[in-house]
Each structure stands twice: as structure tokens, then as C-alpha cells.
Amino acid sequence: MNVFINKDIPEAGIKLLQEKGINLTINPTENVLSREEFIKICQKNDALLNVGTNNLDEDFFEQCPNLKGIALFSVGFDAVDMTSANNRKIPVGNTPDVLSRATSDIAFLLMQSVARKSFFNHKRILNDDWRSFDPLANLGQELYGKTLGIFGLGRIGFEMAKKCKAAFGMNIIYNNRSHNEEAEKELDAKYVDFETLLSESDVLSIHSNYSAENNELFNKNTFAKMKSNAIFINTARGKFQNENDLFNALTNNIIWGAGLDVTNPEPMKSDNPLLLLPNCCVLPHIGSATYEARNGMAVCAAQNIIALFENKKMPFCVNE
Ligand code: DGY
């Protein structure tokens, strides 16, 4: 079996694949391949181990009729048109669990960074603007006993909720497609409708899978329903937010602050006005960027490919 890996991944995954005698073509360049080049190489392979946000849409599947399976190097599978994959019975695998801690760490870090204006104050020092101690300046919020609202309480949301409960005794409310009984039992999390999530959260953190029906769900209408002290955190997908509306909400005191590890679009340009706001912290999509998580992702992705090679069901298959 011939497998194309479109960007190098940690050795732990490569080793597993090589031990099975699987033939690997690894994109040798640092650069993202053009769509044309990417499709050309996929056409010559039986499976794709996909790193990044290539749009694996109907056109892609049409052009690569020999592909037998796709292992994503991500937990999110929004890059794949699942209807096209399902119609062709092409299994698609992802990398769940192994990055839940790392990604929720970044959500927690952003929450704290926004609450205490840390990025903005770091920039001030760089600009030689360290002002003398002022009892009325740089005031942030404490999060003790406040309400964390989770949109999408799966594995990552659960890790975020655990941290917030342990560190600040936060009350947890959540909105999800279904009840999360474990979180209700362990963390006393309360299921609420979306409107209540908006109106009662002091911190609202997105941990849901993205799909087109949720495109820019967080926009001027939804920000207007949030508390004026609310902190908006997104470590899931940038397309959940309308960034013009977010900018207006942040500059007109509609909400208090925002922490983003994902932007709409990515990458964010350096002249984006959100980067200059004192109440906005932005990171370049590094949620899963730890040695531990990335090794785990490499192993999951390799296990998915190996299962395909052995005519077994992928252990982390996302097809219905
Ligand atoms: C994921 O695993 O979905 C991360 O966001 C990387 O794309």
C-alpha cells in the first residue's frame, strides 16, 4: 500500500507505518503544496495521511478515484466533505483524545490571559510603555465562582470544564447536541439552551466540531445577547466567529474580551485590527502543539492507516 503524507509528522507515527512495510511518500518541502500538486500525488497513492486544511471536497474525491482511505492528522474533520466520502465508502479517521488536554490548556491560558490583559501588557513593555504603578490601571477580572459556558461539551470541553472547576470553582453550564452525563455527574454541569448559554456565561468557550450550519454563529446578534463582562474563547475553528462583529463587540463594550487560537480566515494578517485591542489575545492555532499531543496524533493517524492496510475498521473512524 502506498500512502502520501502531505507534511512530515512525528517519528512515532512514521515508525509504526514503516514497521508494517507501508510505502510512504512524505512531502519533502516545508511549503504547503498547491492544490494541483497535492491532487497529483494523491492520485498515485492508495491512502492519504492529511495534515492541515486541504479542502477534501467532492472535486477532490472525483479527481482521486483510487484513494481507499484518509487518516486526518487532526481531531476536527471539517476539511472533509463527509457526504462525498460516505457516498464512495471511503473511511476517514481522526485523532481524538490525545490532544484534549493540550487544546483545553490553550483555552484555559487564553481565558486567563484575557481576564488579566496579559498579551496587551506584554506589548506595552515591548513598546517602552511600562507605566508607573496606578491603582486604577490594568484592572482585570477574577474568575472565582463565575460561570463557564461551554459550547460543545465533548472531550476537549470536558477537560476545560475540569480545569475551570478545579482552579476557580466555576459553575459549568453547557449546550451540546446531547446531554453529557459524565460532566453532569462529575462537575455538576448543567445543560442549557443556546440562548441561556449566551446570556449566563461569564466565559463562553467553544469546543464543538465545526459544520456549515454553525458558520459565524457568533456574530453581532449573538454577541449582543452576552454579558458585558463576558470573555469569548475560541480554540475550535475560526469560522464560528464573524470577526468584524467581534471587533465591534470588543470596541463597544458589548462583551469584555476575546481569546482566539483560531481565526477566520487563517492565517490572520498582521494588520488585523483585533491584534491591537487591549482586550483581545490571539494565538496561531497552537492548541495541539505539544510534544505529547503531536506524538499521540501521529500514533492515532498511523493506527488508522494500518487498519486500512489490514482491511480492518479504522480505530478512530468518523464516518457514520
Ligand atoms: C485539530 O486537531 O482539529 C486541530 O485543530 C488541528 O487542526
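Visitor: Which residue just after helix 12 takes a positive phi?
Guide: In this predicted model, helix 12 covers residues 291-309, and the place to look is just after that helix. The residue there has a phi of about 55°, and it is N311.

Visitor: How far apart are the end C-alpha atoms of helix 12?
Guide: Helix 12 has 19 residues, and at 1.5 Å a residue these should span 27 Å.

Visitor: What covers the buried residues of helix 12?
Guide: The buried residues of this helix include A293, M297, A301, I305 and L308. Among the elements that cover the buried residues of helix 12 are helix 1 (11-19) and helix 5 (100-115). The cover also includes strand 1 (2-5), strand 3 (47-50), strand 4 (69-72) and strand 5 (92-93).

Visitor: With which residues is I305 in contact, leaving aside its neighbours within four places in sequence?
Guide: I305 is one of the buried residues of helix 12, and it is also among the residues with the most contacts inside the largest nonpolar core. Once the neighbours within four places in sequence are left aside, I305 is in contact with V3, L17, I22, A47, L49 and A71.

Visitor: What distance separates the centres of domain 1 and domain 2?
Guide: The chain is divided into domain 1 (2-98 + 290-309) and domain 2 (100-282), and the contact takes 7 residues from domain 1 and 7 residues from domain 2. Taken over C-alpha atoms, the centres of the two domains are separated by 31 Å.

Visitor: Which residue in strand 4 does L48 stand opposite?
Guide: In strand 3, A47 and L49 point one way while L48 and N50 point the other way, and all are buried. Strand 3 pairs with strand 1 in the parallel sense over 3 bridges, and there V3 stands opposite A47. Strand 3 also pairs with strand 4, in the parallel sense over 4 bridges, and in that pairing the residue opposite L48 is I70.

Visitor: In which loop does P265 lie?
Guide: The peptide bond from N264 to P265 is cis, with omega near 10°, and the one from E266 to P267 is cis as well, with omega near -10°. Most peptide bonds are trans. P267 is found in the loop between strand 11 and strand 12, and P265 likewise lies in the loop between strand 11 and strand 12.

Visitor: Is K89 buried or exposed?
Guide: K89 has a positive phi of about 55° although it is not a glycine, and it is found in the loop between helix 4 (82-87) and strand 5. K89 has 9 other C-beta atoms within 10 Å, so it is exposed.

Visitor: How many other C-beta atoms does H285 have within 10 Å?
Guide: H285 lies in the loop between strand 12 and helix 12 and has a positive phi of about 55° although it is not a glycine. H285 is partly exposed, and the number of other C-beta atoms within 10 Å is 19.

Technical notes
Residues are numbered from 1 along each chain as its sequence is written. This is a predicted model: local features need pLDDT of at least 70, side-chain atom pairs count only at pLDDT 80 or more; totals for chains, interfaces and linings use all residues. A nonpolar core is a set of buried Ala, Val, Leu, Ile, Met, Phe, Trp, Tyr and Cys residues joined through C-beta atoms within 7 Å. A residue is buried if 20 or more other C-beta atoms lie within 10 Å of its own, exposed if 12 or fewer, and partly exposed in between; C-beta atoms are placed from the backbone. Helices (H or I, at least four residues) and strands (E, at least two) are DSSP runs, numbered from the N terminus. Two residues are in contact if their C-beta atoms, placed from the backbone, lie within 7 Å. The expected span of a helix is 1.5 Å times one less than its number of residues. Domain bounds come from an automatic or database domain assignment. Two strands pair if DSSP finds at least two bridges between them.
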